Amino acid sequence: MSHWPVSNWTTPQQFVILGFSGWPQGLRVLLFALLLPFYLATLAGNLLILGLAVLDATLHTPMYFFLGALSAVEVAYTLVLTPRMLSGFLLPPGGQAVVPSTCAAQMGLFVALGGSECLLLAAMALDRYWAICRPLYYPQLMTSGLCWGLLASCCGGGSLLALGLTAAVFQLPFCHGGLVNHVFCDLPAVLVLACGNRDLQEWVLLAACLLLLVLPLALILLSYTRVLVVILGLGGAAGRRKAFNTVASHLTVAVLHYGCAMAMYARPLSSRSLEEDKLVSLVYINLTPLLYPAIYTLRNRDVQGALQWVVSPRTPGTVRQADGT
């Protein structure tokens, strides 16, 4: 329990997001100049994949439906976090003051989008499991209605968990002021400002990690383990190579996403260094979302073919044929 008087346990009138405001101005301007191209490239790459998944008829399959949905979530994720982080590099020292409702909205949107992405990656693993391990039943299993239902469940599940988690955090009493030592109102950075039973706060963070990280990751690992066993038993080298490349892309993205998330959130509050968390946030906010479209574009022949079809000159009336493999 906190040793502060109970009378001091109040919600601050405003939170101040410190970010990197204590760093020298020249270094902050340099970081802004370095990270702005990453932000623009991330938006362009994910919007490109989303556009191809919507406009190219040969990509109207469940796998690319989920890939387009994942890109849409990444675009929203980038728009929520990155502009405020970049603007913080250019503001005078002292941090950015925000009202509690804005701080809560930042946290809620971050958890909702991150949670939806975790669940979407699990849905993509389920799709690949059915496509490779149950190919005869796949068209009947993965219908358009089921795709939309899974997408709605992923987004709804992430949003409901974010709403409950954010409400639980901001109902806690605060006695350590409103200085958020992070680039946005992240869950651990706000929790350390709260008073009361620290064990309860640890359980809140543990429950969020269990629901958003551990359970979807277990499903993904089980699905891809079974998929890899089936791929190794395929007779044709071409089919085995194509299936393996697709699974490798999905698994790489899942490892990147869950690796960063578990490194950030699957740790006790008492063992955290918020300064280190801020540095790591530069990676998962700026670099990791940029790698996703690069991985899918570089390793996927269907996406490469759709992109070439869009940018290359062609005669009127020409219809592109699907790969078919």
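Q: How do the residues lining the largest cavity divide into nonpolar, polar and charged?
A: In this predicted model, the largest cavity has a volume of about 390 Å³. Its lining comprises 26 residues, and those closest to its centre are Phe110, Gly114, His257, Ala261 and Tyr265. By residue class, the lining of the largest cavity divides into 19 nonpolar, 4 polar and 3 charged.

Q: Which elements give two or more residues to the lining of the largest cavity?
A: The structure holds 5 cavities of 30 Å³ or more, and the largest of them has a volume of about 390 Å³. The elements that give two or more residues to the lining of this largest cavity are H2, helix H3 (100-133), helix H7 (198-232), helix H8 (237-265) and helix H9 (274-299).

Q: Which element gives the most to the lining of the second largest cavity?
A: The second largest cavity has a volume of about 80 Å³. The residues that line it include Ile17, Leu18, Phe20, Met85, Gly88, Phe89 and Val183. With 3 residues, the element that gives the most to this lining is H2.

Q: How do the residues lining the second largest cavity divide into nonpolar, polar and charged?
A: Gly19, Ser21, Gly95 and Gln96 are among the residues lining the second largest cavity. Gly is counted as polar in this classification. The lining of the second largest cavity accordingly divides into 6 nonpolar, 5 polar and no charged.

Q: What is the volume of the second largest pocket?
A: The second largest pocket is lined by 18 residues, of which Ala53, Thr61, Tyr64, Phe65 and Trp148 are the closest to its centre. These lining residues divide into 13 nonpolar, 5 polar and no charged. The volume of the second largest pocket is about 280 Å³.

Q: Which element gives the most to the lining of the second largest pocket?
A: Helix H1 (25-55), H2 and H5 each supply at least two residues of the lining of the second largest pocket. With 6 residues, the element that gives the most is H2.

Q: Is the crossing in which H2 passes H3 left-handed or right-handed?
A: The residues of the contact of H2 with H3 divide into 18 nonpolar, 2 polar and 5 charged. As to the sense in which H2 passes H3, the crossing is left-handed.

Q: How do the residues of the contact of H3 with H5 divide into nonpolar, polar and charged?
A: The axes of H3 and H5 lie 7 Å apart, and the two helices pack at an angle of about 145 degrees. H3 passes H5 in a right-handed crossing. The residues of the contact of H3 with H5 divide into 18 nonpolar, 8 polar and no charged.

Conventions. Residues are numbered from 1 along each chain as its sequence is written. This is a predicted model: local features need pLDDT of at least 70, side-chain atom pairs count only at pLDDT 80 or more; totals for chains, interfaces and linings use all residues. Side-chain values use heavy atoms; hydrogens and water are left out. On a 1 Å grid over the protein atoms alone, a cavity is a set of points where a 1.4 Å probe fits but cannot get out, and a pocket is an open set with protein on both sides within 12 Å along at least five of seven lines; lining residues have an atom within 4 Å of a point. Grid points are joined across faces, edges and corners, and a volume is the space filled by probe spheres set on the points. Helices (H or I, at least four residues) and strands (E, at least two) are DSSP runs, numbered from the N terminus. Axes are lines fitted to C-alpha atoms, for helices over the stretch in contact, and angles run from 0 to 180 degrees between N-to-C directions. A crossing is left-handed if the near helix is turned anticlockwise from the far one by less than a right angle, and right-handed if clockwise.
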